[in-house]
Amino acid sequence: MSDDLSAPLPGQSDKVVQVDKLSKKYGNNIAVNGISFSLTKGEVFAFLGPNGAGKTTTVEILECLRNPTGGQARVLGYDVSKRSDRAEIRKRIGVLPQDFNAIDRLTVRENIDYFGAMFKRQLDADKLIELVDLKDKRDEQFKKLSGGLKQRVGLAVSLVNDPDVVFLDEPTTGLDPRARRDVWGVIERLKGQGKTVFLTTHYMDEAEYLADIVSIIDHGQIIASGTPDQLIDSHGGKKTLIIRDAGEEGLKQLPSGLPKAELRNAGDIAIPLHNGELTNILMGLGQTPLRDKEIEVRRPTLDDVFLNLTGRRVSEEGN
Amino acid sequence: MRSRIYTIIKGHFKSWYRSKSNIFWTIAFPLLLIVLFGAIFGNGSTKFDLYLQNRDLNPTTFQPTPLSGGYVNILNQTAAFNLHLVSIDVQDPIAYVKSDAQLHNRGQRLLVIPSNFSQTLLSGTKNATVQLYMDKNDQASGSLLGIVNSVTVSYAAAVAHTPDNLQVQQIGIATRNVRYIDFFIPGVIGMTLLTTGVFGAVNTNGRYRELKIIKKLATTPLSKIEWILGMVGYQMILATISLVVILFFGYAIFGVTVTIDIYTVGLVVAASLLFPGIGMVLANFVKEAESADAAANAITFPMMFLAGTFWPRETLPDIMKIIANFMPLTYVNDGLRDALIYAEPAQALTNTIIALGLAAFFLVLGSVLMNWKEE
């Protein structure tokens with residue numbers, strides 16, 4: 001492993017995570033292929049990509065659960081490959097593993113105390129319960145909670161040592177939309193408190209909504225990085241005019257001379273917009289029966305960014 | 001470190017007592033077994049090993065005389081014994097029995113038919129004595145003597161119409177009559193330590209791994225050794241509770257009195273290390289919690305039956321007796337019986353040492369194999 005990474009002394013840099021040419025192989029399978037990125041104090045960083053892209057492998061290297069096979073990674077200035085440094089990292093990080101469940105027959109409060117007892121530095125359990133909005137469920141056994149509430153317990157447990165950086169691995173996978181929003185609310189509160197958050201997700205909207213910086217990973221390599229706006233501006237493509245429920249009939253009713261329109265699954269017509277074209281198109285549509293349809297202008301999303309970069313979309317399940 | 005271990009123990013213990021099924025399997029089930037087996041078998045016995053040396057042989061053919069042969073046949077027909085014949089050439093049959101019985105894990109009992117057996121029966125005047133040698137702590141002594149006596153008297157009455165001229169002389173017989181329930185109680189303790197230990201470790205290591213609890217703990221300052229110490233500490237508490245409840249119940253319902261000594265403590269400690277160690281090894285070979293549970297069943301059930309939990313191992317076929325020697329529960333059961341019931345410190349010490357050795361082996365193996373990190 002190279003010693004090239006300019007190593008700041010622990011605690012003396014605002015770079016909370018520094019990753020340089022990091023690789024991880026399992027036999028002949030390359031899970032992570034020479035990736036580099038950094039994470040600044042107070043940022044919410046989203047590692048975005050489909051299942052099997054290398055997100056969890058990367059985050060588990062940073063959590064000192066796996067050894068890298070190449071490159072270097074530092075967390076809070078400590079080298080994840082050094083045994084002595086790992087002990088220091090473990091004291092200072094908060095982790096919510098993917099698909100984490102707390103102990104079934106312990107209550108919310110007892111679970112927070114249980115995991116808190118593993119650290120010298122502990123936050124007050126009641127304050128954490130308040131942060132994740134579980135005051136009413138404080139004395140409820142974990143097994144009796146719904147999926148969304150369980151995940152909020154996981155978040156509280158990941159914060160129990162007042163960590164300098166929190167790693168949240170797919171924190172909303174499998175949750176219903178309402179529960180996802182609740183978890184987002186907690187992450188926003190962390191952001192409000194100035195916590196540094198490293199988030200992995202395959203949900204594009206989640207990354208776009210929560211993250212200051214997004215790195216998109218696919219097949220073990222980072223294919224784009226930046227703020228959500230930067231990524232959308234550079235890779236998202238054009239805005240689109242959507243005419244709802246117009247169907248095949250609507251396509252025939254479009255005025256001539258428009259950019260190439262396409263029919264999407266739900267019967268919506270999508271027309272790519274070039275600069276300054278919107279007014280002309282709307283005036284043209286006003287002359288057709290389509291004027292009575294619901295019309296909206298859609299801004300590109302990270303979904304479009306991923307599609308444009310890889311030629312495919314990520315499904316709800318992350319595949 | 002102590003606080004973390006204490007937290008692990010407390011967490012396991014709370015999870016245990018909040019589960020009705022845990023309480024059932026750890027406390028209620030063993031008590032239920034004691035009641036059932038105690039009621040069914042009570043003071044009863046089963047088929048016993050008995051060495052037999054027939055000195056009443058035809059001087060020319062060296063075959064048993066018709067009368068001594070008939071006596072052996074009658075003993076066989078009671079179906080109470082597995083008879084093992086000792087050749088007339090063996091000069092010191094007691095020494096032979098001691099060594100052979102130990103080798104084959106049989107009861108140390110010898111019945112000697114004297115050379116004047118036929119002559120006495122036919123003469124109808126002189127008394128003959130068949131000698132029954134038994135280990136003084138043999139739990140079967142009472143029943144066995146009763147059966148031999150009854151067969152002998154009936155046989156004398158049938159062939160010579162003189163029931164009194166053939167007697168059984170009991171030599172080295174146990175001073176204490178060990179009932180089936182006395183024998184069974186330490187077995188139930190051993191069985192409970194086995195199941196709570198193996199299943200406890202399989203559940204905490206298999207299920208906690210599946211729920212990502214172990215992964216989460218591995219990202220904290222908690223070390224693998226602290227986790228294992230916490231689990232073992234919890235097992236010791238459970239083992240102590242089981243021991244106290246079962247012994248109290250045995251005393252209250254069946255009047256079973258026991259001797260609790262340093263060997264009992266040593267064996268409980270050994271079992272609290274040994275069986276979780278086996279569970280940890282299993283949990284590492286079988287990754288899914290459900291399969292690990294099935295594997296735990298596959299290991300514990302045969303061990304329970306072969307290691308002399310319910311019946312003396314001598315009632316097993318020879319091949320099973322050999323297999324039982326490889327079962328760690330055998331040494332825990334034997335040791336607990338030696339310590340609690342037979343008050344045999346020397347044998348208890350041997351079994352305690354073997355159990356502690358096995359405990360060290362399995363615990364170290366389980367610890368080495370356990371995946372604390374992901375790699």
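The questions and answers below concern a predicted model with chains A and B.

Me: What does chain B contain in terms of helices and strands, and what percentage of its residues is buried?
Reply: Chain B has 14 helices and 5 strands. Its length is 375 residues. Of these, the buried share is 45%.

Me: What percentage of the contacts in chain B with a separation of 6 or more comes from residues 24 or more positions apart?
Reply: The count takes in contacts in chain B between residues with a separation of 6 or more.

Me: Into which domains is chain B divided, and what distance separates their centres?
Reply: Domain 1 of chain B is made of two segments, 2-41 and 179-369. Domain 2 of chain B covers 48-171. Taken over C-alpha atoms, the centres of the two domains are separated by 41 Å.

Me: How are α13(B) and α14(B) oriented to each other, and why?
Reply: Helix α13 spans residues 328-342 of chain B and helix α14 spans residues 345-369 of chain B. Their axes lie 8 Å apart, at an angle of about 150°. Angles over 145 degrees count as roughly antiparallel. The orientation of α13(B) and α14(B) is therefore roughly antiparallel.

Me: What is the handedness of the crossing of α13(B) and α14(B), and which classes of residue make up the contact?
Reply: The crossing is left-handed. Residues of α13(B) that take part include B:Tyr331, B:Val332 and B:Asp338, while those of α14(B) include B:Ala348, B:Ile354 and B:Leu358. By class, the contact of α13(B) with α14(B) has 8 nonpolar, 4 polar and 2 charged residues.

Me: Which element gives the largest share of the side of chain B that touches chain A?
Reply: The contact takes 22 residues from chain B and 25 residues from chain A. On the side of chain B, the elements giving two or more residues are α1 (2-17) and α8 (213-218). The largest share, 6 residues, comes from α1(B).

Me: How many nonpolar, polar and charged residues does the side of chain B that touches chain A have?
Reply: Chain B gives 22 residues to the contact with chain A. By class, these are 6 nonpolar, 7 polar and 9 charged.

Me: Is A:Leu309 buried, exposed or partly exposed, and why?
Reply: A:Leu309 lies in helix α11 (residues 302-310) of chain A. Leaving aside neighbours within four places in sequence, its contacts are A:Ile216, A:Ile223, A:Ala224 and A:His235. Because it has 15 C-beta neighbours inside 10 Å, A:Leu309 counts as partly exposed.

Me: What distance separates the C-alpha atoms of A:Leu309 and A:His219?
Reply: A:Leu309 and A:His219 are 90 residues apart along the chain.

Me: In which element is A:Lys21 found, and near what value is its phi?
Reply: A:Lys21 is found in strand β1 (residues 15-26) of chain A. It is partly exposed, with 17 other C-beta atoms within 10 Å. Most residues other than glycine have a negative phi. In A:Lys21, phi is positive, near 50°.

Me: Is A:Leu76, a residue with a positive phi, buried or exposed?
Reply: Phi of A:Leu76 is near 55°. A:Leu76 is found in the loop between β4 (70-75) and β5 (78-79) of chain A. A residue is buried if 20 or more other C-beta atoms lie within 10 Å of its own. Because 24 other C-beta atoms lie within 10 Å, A:Leu76 is buried.

Terms used: Residues are numbered from 1 along each chain as its sequence is written. Chains are lettered from A and ligands numbered from 1 in the order in which they are written. This is a predicted model: local features need pLDDT of at least 70, side-chain atom pairs count only at pLDDT 80 or more; totals for chains, interfaces and linings use all residues. Axes are lines fitted to C-alpha atoms, for helices over the stretch in contact, and angles run from 0 to 180 degrees between N-to-C directions. Helices (H or I, at least four residues) and strands (E, at least two) are DSSP runs, numbered from the N terminus. Angles under 35 degrees count as roughly parallel, over 145 as roughly antiparallel, 65 to 115 as roughly perpendicular and the rest as oblique. A crossing is left-handed if the near helix is turned anticlockwise from the far one by less than a right angle, and right-handed if clockwise. Two residues are in contact if their C-beta atoms, placed from the backbone, lie within 7 Å. Ala, Val, Leu, Ile, Met, Phe, Trp, Tyr, Cys and Pro count as nonpolar, Asp, Glu, Lys and Arg as charged, and the others, Gly among them, as polar. A residue is buried if 20 or more other C-beta atoms lie within 10 Å of its own, exposed if 12 or fewer, and partly exposed in between; C-beta atoms are placed from the backbone. Domain bounds come from an automatic or database domain assignment.
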